[in-house]
Every structure is written in C-alpha cells, then in structure tokens.
Amino acid sequence: MDRRHFLRVTAAAGAGLLVSSTASCATSASSGPVAQTAGTVSIQSNLSAPAAKAAIEALVKAFNDRKGSQASVNTVASETFRTQLPSYLTSANPPDLFTWYPGSLLKGYEEKGLLLDVSDVWQTMGDYPQAYRTLSGKVFVPTTTYWWSFFYRKSNFAKWGVTPPKTWAEFVELCKSLQGKGVIPLGMGAGSDSPWTASAWFDYFNIRVNGAPFHRELLAGKHRFDDPKVKAIFTPWREVLPYTDPNGTAIGFQEATTAMLQGRTGILLTGAFFADAAPKDALDDIDFFRFPIIDPAVPLAEEGPTDGFFASSKSPHVKELKEFLTYAATAEGQEVYIRNSSGTILPTHPKARDSGTELVKKGRRHLEEAAEITQFFNRDSSDALQPTADAALVKFLQQPDQLDTILATWQKAAEQVWSA
Amino acid sequence: MSNRVFHAVAGTISVLWLLPIAAVINTAFRSFDDIAANGLGSFPRSFTLAGFADAWTNGGAGAMWNSVLVTVPTVFLSLALSAAAAYALSRFEIPGRRTIVLLMLAGNLLPPQILLVPVSKLTELLGIYDTLIALIVVQVGFGLGFYTFVLQGFMRAMPNEVQEAATIDGAGPVQIFWRIVLPMTRPALAALAALAFTWIFNDLLWAITVLRSSSVMPVTPALLALQGQYVSNWNVIAAGSVIAAIPTVAVFLRFQRHFISGLAVGAVK
C-alpha cells in the first residue's frame, strides 16, 4: 500500500468517524450528562482547523486500534477553548487530557495543583533533547512543533530575478529591488483578528539584536519595554517599514497569505501553519529563508512553538491517560499525526519521520541549526501580556514616530499585567 | 421629487444593508482553493456546493438538531411561565407587584458576563453541566424577566370590562386566563415567540458556558468550531452560517404574518 493510498484510506476512515459521531450525538443529545465511559480517556482539543482536527482524530484512532486503553477526542473552537480552559480545569469532572502549549499559563495552573505530574511519561522519552524537557517541566508532553520564517513563492522570486538574503544589508537590498519592480516587499497581516502576527517581528528583532536570553527576561518582566536596548530594535524595524504593506494593519493573517501567494507582496513572516491557508497546488512552489542575521555575535535563535498535551490532576484515568501520552510521544504516534495533518508540522521526537517534503526537511534543519528556540511572544510571556504587545506594535506600524510614547504606554500596561 | 430622493436614499441603504449577506452567500458557493488563491473579497471563480456538504457533515446536522432541542422547549416554557406570571401581576392586586415587576426587569439589566462563572458552577452542582437541560434551564431563567415585563404591560392594557363580564358569566381565574386573557395576548405572544426564538437560536455565550462536549453544542458554537486556530475555511463557515440562518428566517417570516394579523383582528378595540 503506497503512501497516497494509505492517506486516502485514513482520510475516509476519519470522515466516517466524523459522520458516525455526529449521527450518534443526535440521538444521545438529550439523554443527560455526557457520561465518561469507564476507562476512556477524554481529550479536550482546540485543534478546530479541519486539517489539524483530522490529524488528532487519526492519532486517537491509531491509539484505539492498539486494543489497549481507549480514548475519545472532543474538539471545540480554539477561541472557546482558550476562554473556557479555567472552567474546564476547575470543574468537578474535567476532561482527562488537553491540547495546549508550554508556558507561563501552564505554570500558573501547575502551582494551583490543577495539573497532573507526568514525569513517568518522560521516563519513556529518553531520546528527547534536554530543551524540550526544560520547556515542559513535569506536566507537559510535547508532540509537535513548527517554525517561523520569511516565506515566498519560488516562481515569483524567479520572475523578479531576486534571491533569498542572508544578512540584514542583503535583506534591505531585496526590499528595495522588489519595490523597484512594483511589488510590496513585505507582507503583514496584523489587522482583523490577528494583530498578534506583529509580535513575530518584535520577537525576531529582539532575538537577533539582543539575543534570546534577554528576550525571555524581558518577557518575564525583568527588563522594561522602554529600556534603551528594547528601543534599539526598532531602528532596523523602522528601516524596513517603508517596504511594509501599508494595509498591513487592516488585513488579517489569512488575507496577507493570499496577497503573498498572488504576488502582490513579496515575502511574509509567518509560521509554517500558513500552508493550511494555501491552495494545494501552490504548496510545492513555497520556500522560505531565515530572518536575516543582524548582529553575527548574537547566538542564532529561532521561533519554534511547541504543542502537545497536559493532563488534569483530577482525572480518574491516570494509568490510561499516561498510556495515551506515552503513545503520542513515540515516533509512531507522531508519524500518524503528521501523515494526517496538512504536512508542514514537525515532530518533537528526534527520530520520528516528518512528511518528507523539501520544505519540511529544510524547516527541520532550520530549527536544528538554531542554538536557542523561543516559543512565541504569548507563549514565552503570557496570554495576558499579548494584548499589550498587539496594541503597542500595531500603533508602531501606524505611527512609527510615536515610539517613545508607545513604549512608555506598553511598559505601563505590562506592569499592570505582571502585578496582577 | 422628494419621493424620488426618498427612493434613492432608501434604495442605497437597502443595498448597503444587503451587501454583507450577499458577500456571505457568494463565499458559501466558492471553493476553498479559489478563496485561498484569489482572496475573500474577489469575485467568484468557482461554484460548488462542497461548503454546504462540509458544514452539514462536520457537525452541522447534529448541531442543528441540538439547537432545535434547546430552542423549542425554551420558547414554549418561558412564554408559558411568563404569561402566567404576567397574568397574576397585571390582573390581580398582589402586594408589592410593582416591585416584583421592577425586580424582574432589573435582573435583565445585569450584564450576563458577570454571571458566567456562578451559572457554570451552579449547573455543575445540580449535576446538569454539559447537558442540553442545563442550557434550557438557564435560557428560561434569563428570558423570564423580560417576557413577563412585556406581557404584563400588554395584559394591563386590556379593558377591565372583559374580565368582569367573564366573572359574571361564572368563569374562575384559571378559566379567564385560558379562555380570555391568553387568546387576547396572542399578538404579543407571537411577537415575543419570534424574538425569543431568534435570541435563543443565535445564543453563543450561555451555550459555551454550560456545555463542553462538541456533541451537545448547538449551532452557533458549532459554527465557531469551524474556525481554526490560525486558518479558517471561510467557504464552509459561510455555508454553515447560511444553513444556520434558515430556521430563524423561516420562523420570523411565519410569525411576522401572524403578528400583523393578530394586531388587526385582536379583541382589543
């Protein structure tokens, strides 16, 4: 059975699963509480994008087919999940497992005793690099990751006669030459419902100029946002602002993706997940390059957000859920997940195979070459701090000459979050 | 001349009003690849019903049924209860009835957001968390105040003579309610039923507060669940919205006629 055939079969199986689950819910809807079947691990998932939803359902199916413990997945909108997570966790009968990412939010729940210690599972994860262990602590099991970079279409670069830059000077040169050809060089989708995409720029300038350790300390509240070192990163940013899409704070991330794919903008700083928003025939034409080096003395850092699972400390199914986590952490489990996803996602298990496309292989090397991995603004700080960054950075994009006021306001807003 | 100006202005406003709906319908019939390649705002270059099929099979059918299971009993229960309450409050000298009515209305002035956590905990204590029963109870509870307020205002305006005549003919309070007051309240009931149906059918907040499983989610949170964390299939979401709008539009059209005729032939002269 070749891979394509396998994909089709699993996709059909996944679809069948979906249909049968919707059909059965119609009859069971009014029949009292959704009782947790004895021993079944319930997974509350925020992976509501169609591709990701299919992937986690395939993973659960593969787990159930092993005839060990059984699991069931319940997908809710990611936005609903985010706002309801505290009430899920504090409810009397919470789901057993949750999809999420490591970070300060998780630490807060851990301190409140809401999360289950899954050190046992880590015993089986000897192959994992120390970085993941440090990141996850005792309560989190990472399963997938992806990378951020400047994405572009190979055919467009060929048409415009430009090549990917390595240094900052080359990058500015590329912007200039693209603008000369009537193309908006830099895409931006910081409007609509995705103002957080501007934080990627902030993160990258900070880790390129000041380095990842300073970046983490800043986000943890150990430095000030109006620090001269923070102010310094806006100097190179200002340099490329004239080349940035003037509609960048008006359109959302998905529209910015379309603009790049259509060749209205040249390149877009985004995460590999954007491939979900691309038409299938464009995927082979996509390539990327690293955010250019600004100061060669700063150790290379990249953004590589990690996703995975954590468990509720109230779960009555400790043995079963650990069995699931162990499976999800294996190369086999991650390969099942990736085969059924849109394919641009990377496994956290060092020996697990990725989807094998040129793009993904390059993406994996891209992260492996980095000396430091940062997660993303909200993951390295908190979801509460993210809106302060959104406000400040969108304002900066619109009124770059107001920088001093913006940074002062940002610091004030951040202090309120940190002291809360 | 002024007539022509009126038509020009009103026509423009209607077109502006209908534009978003036209955009949604346009998106619903496009393919995902078309939207991804040409953008959400472009003219359609594809025509497909795949979005509708996707929305229906990806939880849409179950969610529709859940919505019906919640909405129909809720509308019926809350109108029945508030009609009875309004009858008592408007036709009888209950001590402190003004205070009761104002209290019920005051409950409506509280922003529901501050009650989210208590309501969620309460349904858990009652053991009905994550069931449609919980949603029905909460919806009835929160609707009651406003419906009672409207209905008692309507009933108070009925002439006393009608009630007196019925009493002379030997009718008790229950019979008066059932055979005189309720039929006369029909226009108000119809209008409220149409409103309540739309509100409850379109509710999102309470649904995500008291429900957790995707299998019991009604149609609005299910539509939200079609949105991905980063990427959304707008054609499926638009198609889902169109499907979700059908019941409310149908009910409104149906009850609107009822409402108007009820006003015209009502017993209140």
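**Strands, helices and a chain contact**

Mentor: Let's start with strand β3 (residues 97-100) of chain A, which is covered on both faces: Leu97(A) and Thr99(A) on one side, and Phe98(A) and Trp100(A) on the other, are all buried. Buried is when 20 or more other C-beta atoms lie within 10 Å of a residue's own, exposed is 12 or fewer, and partly exposed is in between, with C-beta atoms placed from the backbone. Helices (H or I, at least four residues) and strands (E, at least two) are DSSP runs, numbered from the N terminus. This is a predicted model, where local features need pLDDT of at least 70 and side-chain atom pairs count only at pLDDT 80 or more, while totals for chains, interfaces and linings use all residues. Residues are numbered from 1 along each chain as its sequence is written, and chains are lettered from A and ligands numbered from 1 in the order in which they are written.

Trainee: OK. In which sense do β1(A) and β3(A) pair?

Mentor: β1(A) and β3(A) pair in the parallel sense, over two bridges. Two strands pair if DSSP finds at least two bridges between them. Opposite Leu97(A) in β3(A) you'll find Ile43(A). β3(A) is also joined by four bridges to strand β10 (residues 306-311) of chain A, and these two run antiparallel. There, Phe98(A) stands opposite Phe310(A) of β10(A).

Trainee: And how many bridges are there between β1(A) and β2(A)?

Mentor: Five, and strand β1 (residues 41-45) of chain A pairs with β2(A) in the parallel sense. Ser45(A) has Thr75(A) in β2(A) as its bridge partner.

Trainee: What do β1(A), helix α2 of chain A and β2(A) make?

Mentor: A right-handed β-α-β unit, with the helix spanning residues 50-64. Right-handed here is when, with the strands pointing away from the viewer, the path from the first strand over the helix to the second runs clockwise.

Trainee: Next, what is the strand order in the open sheet of four strands in chain A?

Mentor: The order is β6-β7-β5-β8, with mixed pairing. β6 (184-187) and β8 (286-289) of chain A are at the edges with a single partner strand each, so one side of each has no neighbour in the sheet. Trp148(A) has Gly271(A) in β7(A) as its bridge partner.

Trainee: Leu268(A) is in strand β7 of chain A. Is it buried or exposed?

Mentor: Leu268(A) is buried because 23 other C-beta atoms lie within 10 Å. Leaving out residues up to four places away in sequence, Leu268(A) touches Phe150(A), Phe151(A), Gly187(A), Ala256(A), Thr257(A) and Met260(A). For a contact, the C-beta atoms of two residues, placed from the backbone, lie within 7 Å.

Trainee: Switching to chain B: how many helices and strands are there?

Mentor: Twelve helices and zero strands. Of its 269 residues, 40% are buried.

Trainee: At what angle do the axes of α3(B) and α6(B) cross?

Mentor: Roughly 35 degrees, and the axes of α3(B) and helix α6 (residues 132-156) of chain B come within 6 Å. Axes are lines fitted to C-alpha atoms, for helices over the stretch in contact, and angles run from 0 to 180 degrees between N-to-C directions.

Trainee: Last one: how many residues does each chain bring to the contact?

Mentor: Chain B brings 36 residues and chain A brings 40 residues. On the side of chain B that touches chain A, α3(B) gives the most, with eight residues.
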